[in-house]
Amino acid sequence: MWNNIFEKLRKRMTLMYAFIFGMLILLVVGVTYCLVWYAVLMHEKEGLVAQIYHEAEEYVATEEAPVSDVAIKNGSMLAFLVKPDNKTVLLDQLQGADAGDTLKDHREDWPEADNTAQMLRVRDDVGERYRYLAAVAPVKDGDKVIGRLYMFKNMEFYYDAARETLLMLLCIALLLFIPACLLGYWLSKRSIRPIGLMYEKQKQFTADASHEMRTPLAVLNLAVQGLLEDSESKYSPFAAETLQMVKTEVGRLRNLTDTLMELARRDDLGLPVKKCEVDLVALISRVTAQFSLVAERKQQRIINDVPERLLLHGDADSLNMLLIILLDNAVKYSPAASEIILSAEMKKDTVILKVADQGIGISDADKEKVFDRFYRVDKVRSREQGGLGLGLALAQSIVRLHRGKIAVSDNKPCGTIMQVTLPK
Ligand code: ADP
């Protein structure tokens, strides 16, 4: 079971590391892409403003148009010259270009302040998209401003290049992600190793300590039993009561060490499970008969609701222990003269075992915790009943060993239902 938990933890940590590395790689790719794109755009903006000045000087000196006919035809560069009033057109080199009319339709988006440039993303009536870098600069004849020259540089090439670069960067990121996953796997293994070692040591300690305590406890038990049964010894009522108390506590300790050893053994998946075909109906009636005597003392009734035949592939001893734990709890935590129903049924490929009592019930907050070791809802009450807080932990361990599930729910109108689902 614990090997399973460590395996799950390792998988989860690998996923977490892979996610973190993946995010970091994407962040680096994203930031690099944005920075490069920003640098290119700034460079192009400055270049375009400088080009306008140059073309403006040439236009004043030689009246040569800022943009060649070829450039207009293929739409790579366009120009528009107006008087300083921004209304009277002196030269229209948008005419004749595919994007010309669309750019004119979006005149309100053109840069307003001199020597500034901005990106224009426009669409024509049929949805064709144009992306131009637009800049404006004054045209001077000596000191006199005679006009304003707008120039438009087609940026489609840059967008295409950017898209290809981004695609390439993403491919590189994907290639980097594979070693990142392997690194995550390696890191998670390294992180878990100390926990695993610590857990192994703790488990070994529990098993050793329980084992070492068994013999002295058995001796103590025999000694107290001997003292209590020794007819020649005369005890005061106090001494007799104390001896009885010692006997009860020694019994509890023996129980505790046995359960702890059982749990430590089961935690190790190496525990040899003798799985075979188990006749559940026979097993249930055997355990019920065993408990009927205990239940009768509290005038409780154990009712079996089982089909005629129900076979399960599992470990008979463990399943026996599982039923004992659940019935024992049902008897312990139910009032006198109540009913306990132990049912079993086959649903699809699973066997469902239920122990329903009419007892004190378990609050929602405690439903998950009762499977923890040494957890008892009411410590005093559980102790009075001889409980150690290990029964359900052991039950869960047995169920997991069979790759099943155990769940607790409320019985109506009062009490608890312990439901075990086991694959057939
Ligand atoms: P314990 O030996 O104390 O019974 P378990 O691990 O078997 O330990 O159960 C843990 C706690 O869960 C118990 O102390 C008790 O408070 C609660 N519990 C278990 N079964 C029932 C039940 N059928 N009805 C009410 N409470 C229960």
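## Elements and model

The structure described here is a predicted model.

## Negative patch

Under this numbering, Asp109 is found in the loop that runs between helix 3 (100-105) and strand 3 (116-123).

Asp109 belongs to a surface patch of negative charge, together with Asp101, Asp105, Glu108 and Asp125.

## Nonpolar patch

A nonpolar patch on the surface is formed by Met16, Phe19, Ile20, Met23, Leu24, Leu26, Leu27, Val31, Leu35 and Leu170. Together these residues have about 960 Å² of accessible area. Helix 1 (residues 2-62) makes the largest contribution to the nonpolar patch, with nine residues.

Leu27 is one of the residues in this patch and lies in helix 1. With a relative accessibility of 55%, Leu27 counts as exposed, since exposed means over 50%.

## Salt bridges between elements

The whole structure contains 13 salt bridges. One of them joins the side chains of Lys104 and Asp92, with an N to O distance of 2.6 Å. Lys104 is in helix 3 and Asp92 is in strand 2 (residues 89-92), so this pair links parts that are twelve residues apart in sequence. Both ends are partly exposed: Lys104 has a relative accessible area of 26%, and Asp92 one of 25%.

A salt bridge also connects Arg131 and Glu156, whose closest N and O atoms are 2.7 Å apart. Arg131 belongs to strand 4 (residues 129-141) and Glu156 to helix 4 (residues 156-229), so the pair ties together parts 25 residues apart in sequence. Arg131 is buried, at 9% relative accessible area, whereas Glu156 is partly exposed, at 23%.

Arg163 and Asp160 form a salt bridge in which the closest N and O atoms are 3.5 Å apart. Both residues lie in helix 4, three residues apart, or about one turn of the helix. Arg163 is exposed, with a relative accessible area of 52%, and Asp160 is partly exposed, with a relative accessibility of 30%.

Note on methods
Residues numbered from 1 in each chain as written. Predicted model: local features only at pLDDT ≥ 70, side-chain atom pairs only at ≥ 80, totals over all residues. Heavy atoms only, no water. Patch = residues over 30% accessible without salt bridge, like charges linked within 9 Å, V, L, I, M, F, W, Y side chains within 5 Å. Areas by Shrake-Rupley, 256 points an atom, 1.4 Å probe, with all protein chains shown as cover. Salt bridge = Lys/Arg side-chain N within 4 Å of Asp/Glu carboxyl O. Helix = DSSP H or I, 4+ residues; strand = E, 2+ residues; numbered from the N terminus. Buried < 20%, exposed > 50% of the residue type's maximum accessible area, 1.4 Å probe, protein only. Lys, Arg positive; Asp, Glu negative; His and termini not counted. Charge placed at Lys NZ, Arg CZ, Asp CG, Glu CD.
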